[in-house]
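Here are some questions and answers for a reader who is new to this structure.

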Amino acid sequence: MRQLLPFYALLGLAGLAPLWLGDYGAGLLLGMTSAAILATAWAMFSGPTRYVSLATVAFYGIGAYVVAALAESQPWPVVLLAAAGCGGLVALVVGLSTLRLAGIYFVIFSFGLAELIRQLLTWYEVNVTGTLGRYIFTEFQPRDLLWQLLVLLAVTLTLSVWIHRSRLGLALRVIGDDETVAAHAGINLARSKLTLFVISSVLISLTGAIQSPRWVYIEPSIVFNPTVSFTAVIMALLGGANRIWGPILGAVPLYLAFEFLSAHFPDHFSILLGLLFILVVFALPNGVLAALERLRLRKGAGV
Amino acid sequence: MIGFTRRAAMGLLGGVAISALSLGPGMAQAPEPVRIGYVASKSGPAAAGAGITTIPNYELWAKDVNAAGGLKLPDGSQRPVELISYDDRSSAEDAVRAVERLASQDKVDFILPPWGTGFNLAIAPLMDRLGYPHLAVTSMTDKAPDFAKRWKKSFWMLGGGHDYAGALAQTVAKAQAEGKVNGKVAVISVADGFGIDLISAARPIFKEQGLELVYDQSYPMGTTDFAAIIEEVKSSGADSFVAFSYPPETFALAKQARTVAFNPKIFFTGVGTPFPNYPGIVEGRQEGVMSVGGVDGNSEKIAAYFKRHAEVVGTPPDSWASAITYASLEMLAQAVSRVGLDREAVAGELASGSFDTVIGEVKLEDNQLRQLWLVGQWQGDKFVGVAPADRTGAMAPVIPKPAW
Amino acid sequence: MLSSTLILGLVLGGSYALVAVGMTLQYGIARIMNLAYGEFIILAAFATYLLFGSLGISPIVALLIIPVIAFGLGVALFQVMMRPLVTRAGGSGRLEVDSILATFGLLFVLQGVMLLAFGGNYTSYGFLDQGVNVLGTTLAANRLLAFALSIGLAGGLFALLQFSRWGLALRAVALAPGSAALVGLNMRRIAALGFGLGTALAAAGGVTVSMFQTFSAHDGVLFTMKALVIVIMGGVGNVLGALVSGLLLGLMETAVARWVDPGLTLAATYILFLAVLLWRPEGLFGKAAGR
């Protein structure tokens with residue numbers, strides 16, 4: 001865990017940033033931290049097992065909705081616990097599907113599940129509560145939310161490192177390489193996959209929960225926006241989903257690129273972003289981290 | 001480059017003009033522009049709404065102001081307007097951050113709001129904390145009075161579900177009293193903010209007016225086929241049909257109603273009905289179709305505004321929130337001309353002053369615009385206001401609607 | 001009542017199947033998971049609208065022209081953008097990830113271009129909205145056309161794949177991309193043809209759908225997702241599977257709207273989809289055990 005110490009220090013420093021960065025800087029850091037957690041948590045399960053999940057936004061939205069339902073009546077820690085609990089429970093059910101499905105079938109299955117949850121929630125709100133939008137009024141300033149997210153990022157990374165080194169991580173990598181071999185090697189496929197999927201989903205639910213007070217008003221189309229799922233996948237793949245630092249190294253530059261492009265080219269954002277993706281696929285085939293390593297190797301050889 | 005709209009071309013030209021303004025060495029003598037920022041959805045699912053109602057009016061207004069020499073200040077001097085815009089990509093988080101950026105990085109003088117209830121609510125606390133007046137035009141909410149109290153510098157200009165449902169119920173009840181309809185109403189509503197607000201307001205109000213809801217169902221956003229629903233409605237015995245719908249469904253309903261010759265005496269559909277492309281979609285058979293909103297068909301100012309909008313943007317505006325959006329900007333300009341650029345003072349003036357706009361003389365009540373057209377109807381090639389019936393310029397509704 | 005629900009459901013399902021058949025070809029033959037698929041549908045819809053609105057060319061004529069252009073576009077796109085990825089992947093699973101990323105980028109580019117060119121407005125026009133009486137149920141002529149087209153195209157493709165030499169080659173590539181090359185098949189050409197054919201089908205779907213459905217520059221994703229669900233449910237690469245699952249989804253939606261609650265139509269279609277997958281993890285007609 002020692003390799004994480006400088007990182008904790010960096011996160012601590014980021015926590016001080018709002019003191020001199022102002023609202024915009026704090027907001028930017030907040031969004032970036034959230035993106036980093038989502039990408040890392042996604043990669044925690046999908047990296048080693050190669051199950052590409054598009055259900056990220058389902059858990060993110062569940063977190064936000066739990067906050068909207070409970071924030072006014074319960075103390076904040078209880079709200080967060082409830083969000084984690086709900087996310088974990090749904091993850092358990094979704095995770096069971098990984099026992100039967102694989103490859104592209106799982107990808108679209110997870111997407112369908114996220115949409116189904118959104119549809120059912122909408123139906124419930126319309127027919128039972130009679131409203132769709134919910135309001136979240138809390139006392140949190142952006143910097144309070146940023147601090148919570150930074151702690152969550154630290155937790156996420158610590159977990160990620162721990163899993164990577166544990167028996168569980170090894171088991172998952174074997175599963176990703178060949179499920180049949182894994183089963184023969186005595187790995188309990190179901191338990192390993194489920195455990196990890198639940199952990200990853202709980203982290204995602206917490207991210208949605210912590211971030212939601214920023215929006216004041218939520219409705220299914222806002223918090224179940226499928227773009228969230230896609231961005232998490234893209235960021236993690238860009239950085240390298242199989243490495244601990246990969247997702248963060250994908251999330252940070254991509255997030256900044258989103259911000260830069262939408263600030264400077266608001267009318268051409270989509271086109272430039274698309275070109276950037278295509279460029280990345282062709283120029284950095286194995287992700288940013290692999291490219292960096294190759295660069296270092298080449299330098300090393302040159303000296 | 002075939003098909004590039006006038007608006008896209010205008011956007012390009014506008015960009016060039018602004019950079020020339022800020023970079024041109026010969027412009028050193030020109031007064032410094034007033035910087036006005038806005039964030040709106042230029043991409044993503046909300047882009048269609050913002051692209052029809054919000055963005056074209058912002059651009060048109062800036063162009064009009066600059067053509068007239070710029071914003072007037074209390075001392076009689078004039079300063080041009082410079083628009084700075086960001087895309088929230090239809091995400092509430094990005095809308096919030098763009099407002100933070102406009103305030104702390106660009107240090108703009110005023111911030112114009114995004115399109116849509118959700119986005120306006122997302123930025124409302126921030127606008128309040130940063131001290132910017134918030135002219136929330138495209139937010140239909142019954143909670144406007146609470147919000148105006150919670151955020152003192154916020155202004156709510158589109159009314160709430162109760163206003164629209166109430167006026168609709170009165171219109172139908174009046175037709176029933178005159179023996180034009182049988183008082184049985186079939187209602188469908190989209191399972192999203194707009195539909196739910198309206199239907200939950202409508203249920204008790206329709207009952208109060210002695211109308212019977214014989215069919216009342218919601219449908220999910222993104223529904224493309226209404227054949228089954230229309231069949232059900234036809235056999236329900238209702239001769240008034242109401243749909244609290246969004247544009248894609250509004251258009252689909254009109255097309256499918258024509259196909260099966262579904263001709264209820266009142267045909268009321270939601271957002272999209274007052275759009276300028278509606279007559280084209282129903283091949284000119286729009287006569288008598290009702291919806292929310294409307295404009296004063298006799299107002300010369302409105303006619304001139306429609307004409308200018310068509311010239312500059314390429315299409316006429318929609319007949320619900322567009323004119324109100326433009327009016328909110330006129331209010332801002334007039335407030336600035338009276339009290340200057342101090343945001344606190346401008347907010348005070350917006351709350352208490354009275355303004356001369358395209359929608360007539362406007363004075364807000366408790367930070368809300370209450371002079372609204374609540375029910376409108378296509379009559380000829382205009383979508384005119386028919387309720388509240390006692391408002392100046394109100395037309396008598398055409399009931400029963402002629403067959404498609 | 002039962003018969004009208006059946007008819008309305010089948011017709012709706014036909015329009016779903018119509019937009020999905022092309023994607024199943026693209027994935028089945030060219031192995032490209034094309035996330036920009038829906039953008040081609042929208043492009044074709046806008047093209048039809050322009051031809052009809054400004055030049056007065058009937059959408060029926062457009063239905064003959066636009067798919068041909070789209071075919072060329074698809075082949076060119078494959079050669080320029082996809083081929084390097086196919087070569088790089090060398091038959092490994094990497095192509096899936098790479099193609100998802102690259103076509104995701106393409107999606108944004110096309111969407112951005114369409115937003116600039118046409119704005120974000122909802123677009124719709126009236127054409128063939130007349131009612132046609134089928135067994136006592138009135139249907140819009142344009143929807144009936146979509147239904148006929150989907151049955152015709154899917155049936156024709158099925159026959160082509162099943163009985164022609166060319167179809168045999170396509171199927172060989174789809175089933176065993178590794179060994180197809182061994183028997184002397186020009187893999188790249190076949191993949192390019194498959195991708196082009198898929199694009200042409202997407203365009204045909206776009207032209208037809210634009211006659212009855214409102215569309216806007218950012219709606220491509222909706223079509224892509226609907227098509228993906230249908231393709232996966234039918235079994236990847238299986239034309240008949242796509243047709244059957246499209247029809248099933250349409251029937252489900254109409255039946256639920258009629259007898260249960262219109263608010264649950266989409267939820268019901270997703271439940272059907274998820275249930276089918278849990279029952280048959282490779283889709284209704286999927287047979288290969290591979291991924």
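**Chains, helices and strands**

Q: Which pattern does chain C follow when read along the sequence?
A: The model is a predicted one. Chain C has 11 helices and 2 strands. Read along the sequence, these follow the pattern α-α-α-α-β-β-α-α-α-α-α-α-α.

Q: What radius of gyration does chain C have, against that of a compact globule?
A: The C-alpha trace of chain C spans about 55 × 45 × 35 Å along its principal axes. A compact globule with 291 residues would have a radius of gyration near 19 Å, so chain C agrees with this at 19 Å.

Q: How many helices and strands does chain A have, and what is the radius of gyration of this chain?
A: Chain A has 14 helices and 2 strands. Along its principal axes, the C-alpha trace of chain A spans about 65 × 50 × 40 Å. For 303 residues the value for a compact globule would be near 19 Å, and chain A agrees, with a radius of gyration of 19 Å.

Q: Are α2(A) and α3(B) roughly parallel or antiparallel to each other?
A: Helix α2 (residues 18-49) of chain A packs against helix α3 (residues 92-104) of chain B at an angle of about 150 degrees, and their axes are 8 Å apart. Angles over 145 degrees count as roughly antiparallel. The two helices α2(A) and α3(B) are therefore roughly antiparallel.

Q: Is the crossing of α2(A) and α3(B) left-handed or right-handed, and how do the residues of this contact divide?
A: The crossing of α2(A) and α3(B) is left-handed. On the α2(A) side the contact is made by G22(A), D23(A), Y24(A), G27(A), L28(A) and G31(A), and on the α3(B) side by E93(B), V96(B), R97(B), E100(B), R101(B), A103(B) and S104(B). The residues of this contact divide into 4 nonpolar, 4 polar and 5 charged.

Q: How do the residues of the contact of α1(C) with α10(C) divide?
A: Helix α1 (residues 2-30) and helix α10 (residues 239-259), both of chain C, have axes 6 Å apart and pack at an angle of about 145 degrees. The crossing of α1(C) and α10(C) is right-handed. The contact of α1(C) with α10(C) divides into 15 nonpolar, 8 polar and 2 charged residues.

Q: Which residues of α12(A) and α13(A) meet, and what classes does this contact have?
A: In chain A, helix α12 (residues 246-264) and helix α13 (residues 269-283) pack at an angle of about 145 degrees, with axes 9 Å apart. α12(A) passes α13(A) in a right-handed crossing. Here A257(A), L261(A) and S262(A) in α12(A) meet F269(A), L272(A), L273(A) and L276(A) in α13(A). By class, the contact has 6 nonpolar, 1 polar and no charged residues.

Q: What is the order of the open sheet of 3 strands in chain B, and which strands are its edges?
A: The order is β4-β1-β5 (chain B), with parallel pairing. The twist from one strand to the next averages 25 degrees. Each edge strand pairs on one side only, and these strands are β4 (81-87) and β5 (110-112) of chain B.

Q: Which residue does Y38(B) stand opposite?
A: Strand β1 (residues 34-40) of chain B runs parallel to β5(B), and 3 bridges join them. In β5(B), the residue opposite Y38(B) is L112(B).

Q: Through how many residues does a hairpin join β13(B) to β14(B)?
A: Strand β13 (residues 354-357) and strand β14 (residues 360-363) of chain B run antiparallel and are joined by 4 bridges. D356(B) stands opposite E361(B) in β14(B). The hairpin joins β13(B) to β14(B) through 2 residues.

Q: Which helix gives the largest share of the side of chain C that touches chain A?
A: The contact takes 35 residues from chain C and 33 residues from chain A. α3 (59-89), α4 (94-118), α9 (220-234) and α11 (265-279) of chain C each supply at least two residues of the chain C side. By class, that side has 27 nonpolar, 4 polar and 4 charged residues. The largest share, 14 residues, comes from α4(C).

Q: Which element gives the most to the side of chain B that touches chain C?
A: In this contact, 42 residues of chain B meet 35 residues of chain C. The chain B side has 21 nonpolar, 14 polar and 7 charged residues. Among the elements that each supply at least two residues to it are α1 (6-23), α2 (47-67) and β9 (212-219) of chain B. The most, 8 residues, comes from α9(B).

Definitions and conventions: Residues numbered from 1 in each chain as written. Chains lettered and ligands numbered in written order. Predicted model: local features only at pLDDT ≥ 70, side-chain atom pairs only at ≥ 80, totals over all residues. Axes fitted to C-alpha atoms, helices over the stretch in contact; angles between N-to-C directions. Parallel < 35°, antiparallel > 145°, perpendicular 65-115°, else oblique. Left-handed = near helix turned anticlockwise from the far one by under 90°. Contact = placed C-beta atoms within 7 Å. Nonpolar A, V, L, I, M, F, W, Y, C, P; charged D, E, K, R; others polar. Pairing = 2+ DSSP bridges. Rg over C-alpha atoms; globule rule 2.2 N^0.38 Å.
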